[in-house]
Amino acid sequence: AISDPRQRPSDKSQAADQKHALFKDPASDFITLLNIWNAFKAAGKKLKTRKKLVRFCQEHFLSFKRMKEWQDICYQIKKILKEHGIENKQTDLPSSGTKDLKSKAYEIGGPAYIAIHQSLLCGYLSNIAHKKEKNIFSAAKGQQAMIFPGSGLFNEAGDWIMAAEFVKTSQLFARTCARIDPAWVEPIAKSLCTYTWSDPRWQKKQGRVAASEQVSLFGLILI
């Protein structure tokens, strides 16, 4: 429910874009947000005082108020998990500090990237989409969406994406997007998938009938 902490004043739009580019991940807008979070936490540990942390946010065109709201929600979630006996036994996710605001630990295809986006997929199964043409994607249930121009994936998206939301203004836009592997989808959405079989044939060596299987979800063919 918290608005994007990135600020883009009309009179300083170019400067804001340059600072925000320090956080941008070309494969995932979710990782971009995580880079902002990690940089804010690292700055808090390094700078010590509230005044300096406010200045860090101002210099990077981030809303200090919204970043504090992020902190509050994170604290509340951890508290609820602890009350239910679920504690984080791992160290914090890797952070690269304030000089290099992006961490290689989250690169596409890496274990952290896969784990994060498979978790997100559980909540965004109906928001997956397959590339139709540059920046235009076929979405679930016959919809067509364009990647929002402000996304880090604009002009850079792979064949499959998921989005946090679809927003219709001049057209349907996919906002907060990430590249995904369609192979991740079926194990998560198995009960929602549609299975069809074709081309039945006899396999003499195995002594059995075989057929070609097609797996789809909300009208999108996965396999």
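Reader: At roughly what angle do the axes of H2 and helix H5 cross, and within what distance do they come?

Author: In this predicted model, the axes of H2 and helix H5 (residues 111-121) cross at roughly 115° and come within 11 Å. That makes H2 roughly perpendicular to H5.

Reader: Is that crossing of H2 and H5 right-handed or left-handed?

Author: The crossing of H2 and H5 is right-handed.

Reader: Which residues meet there, in H2 and in H5?

Author: From H2 come Phe30, Ile31 and Leu34, and they meet Tyr113, Ile116, His117 and Leu120 of H5. By class, the residues of this contact of H2 with H5 are six nonpolar, one polar and no charged.

Reader: And H4? At what angle do H2 and H4 pack?

Author: Helix H2, residues 29-47, packs with helix H4, residues 64-83, at an angle of about 90°. The axes of the two helices are 11 Å apart. H2 is therefore roughly perpendicular to H4.

Reader: Which residues of H2 and H4 meet?

Author: On the H2 side they are Leu33, Ile36, Trp37 and Phe40. On the H4 side they are Phe64, Met67, Lys68, Trp70, Gln71 and Cys74. The contact of H2 with H4 divides into eight nonpolar residues, one polar and one charged.

Reader: Which strands does H2 lie across?

Author: H2 lies across strand S4 (160-168) and S5, and H2 runs at about 70° to S5.

Reader: Let us turn to the strands, then. In what order do the strands of the closed barrel run?

Author: The closed barrel has five strands in the order S1-S2-S3-S5-S4, and their pairing is mixed. From one strand to the next, the twist averages 55°.

Reader: What does "pairing" refer to here?

Author: Strands of a sheet pair through backbone hydrogen bonds, and the sense is either parallel or antiparallel.

Reader: In which sense do S3 and S5 pair, parallel or antiparallel?

Author: Strand S3 (residues 144-147) and strand S5 (residues 172-179) pair in the parallel sense, over two bridges. The bridge partner of isoleucine 147 is alanine 174 in S5.

Reader: How many bridges are there between S4 and S5?

Author: There are seven bridges between S4 and S5, and the two strands pair in the antiparallel sense. A hairpin of three residues joins S4 to S5. Alanine 174 in S5 is also found here, as the bridge partner of phenylalanine 166.

Reader: And S1 with S4: in what sense do they pair?

Author: Strand S1, residues 128-133, pairs with S4 in the antiparallel sense over three bridges. Isoleucine 128 stands opposite methionine 162 in S4.

Reader: Now the open sheet. What is the order of its strands?

Author: The open sheet has three strands in the order S6-S7-S8, with antiparallel pairing. Strand S6 (194-203) and strand S8 (220-221) stand at the edges with a single partner strand each, so one side of each has no neighbour in the sheet.

Reader: How many bridges pair S7 with S8?

Author: Strand S7, residues 208-217, pairs with S8 over two bridges in the antiparallel sense. Leucine 217 stands opposite leucine 220 in S8.

Reader: Where is phenylalanine 218 found?

Author: Phenylalanine 218 is in the loop between S7 and S8. Phenylalanine 218 has a positive phi of about 50° although it is not a glycine, and its relative accessible area of 25% makes phenylalanine 218 partly exposed.

Reader: Another residue: is glutamate 186 buried or exposed?

Author: Glutamate 186 is buried, because its relative accessible area is 16% and buried means under 20%. The place of glutamate 186 is in helix H6 (residues 185-189).

Reader: Which residues does glutamate 186 touch, not counting residues up to four places away in sequence?

Author: Glutamate 186 touches Cys193, Tyr195, Val215, Leu222 and Ile223.

Reader: Last one: is glutamine 14 buried or exposed?

Author: Glutamine 14 is exposed, with a relative accessible area of 59%, and its place is in helix H1 (residues 13-20). The C-alpha atoms of glutamine 14 and alanine 27 are separated by 22 Å, with the two residues 13 residues apart along the chain.

Technical notes
Residues numbered from 1 in each chain as written. Predicted model: local features only at pLDDT ≥ 70, side-chain atom pairs only at ≥ 80, totals over all residues. Heavy atoms only, no water. Axes fitted to C-alpha atoms, helices over the stretch in contact; angles between N-to-C directions. Helix = DSSP H or I, 4+ residues; strand = E, 2+ residues; numbered from the N terminus. Parallel < 35°, antiparallel > 145°, perpendicular 65-115°, else oblique. Contact = heavy atoms within 4.5 Å. Nonpolar A, V, L, I, M, F, W, Y, C, P; charged D, E, K, R; others polar. Pairing = 2+ DSSP bridges. Left-handed = near helix turned anticlockwise from the far one by under 90°. Buried < 20%, exposed > 50% of the residue type's maximum accessible area, 1.4 Å probe, protein only.
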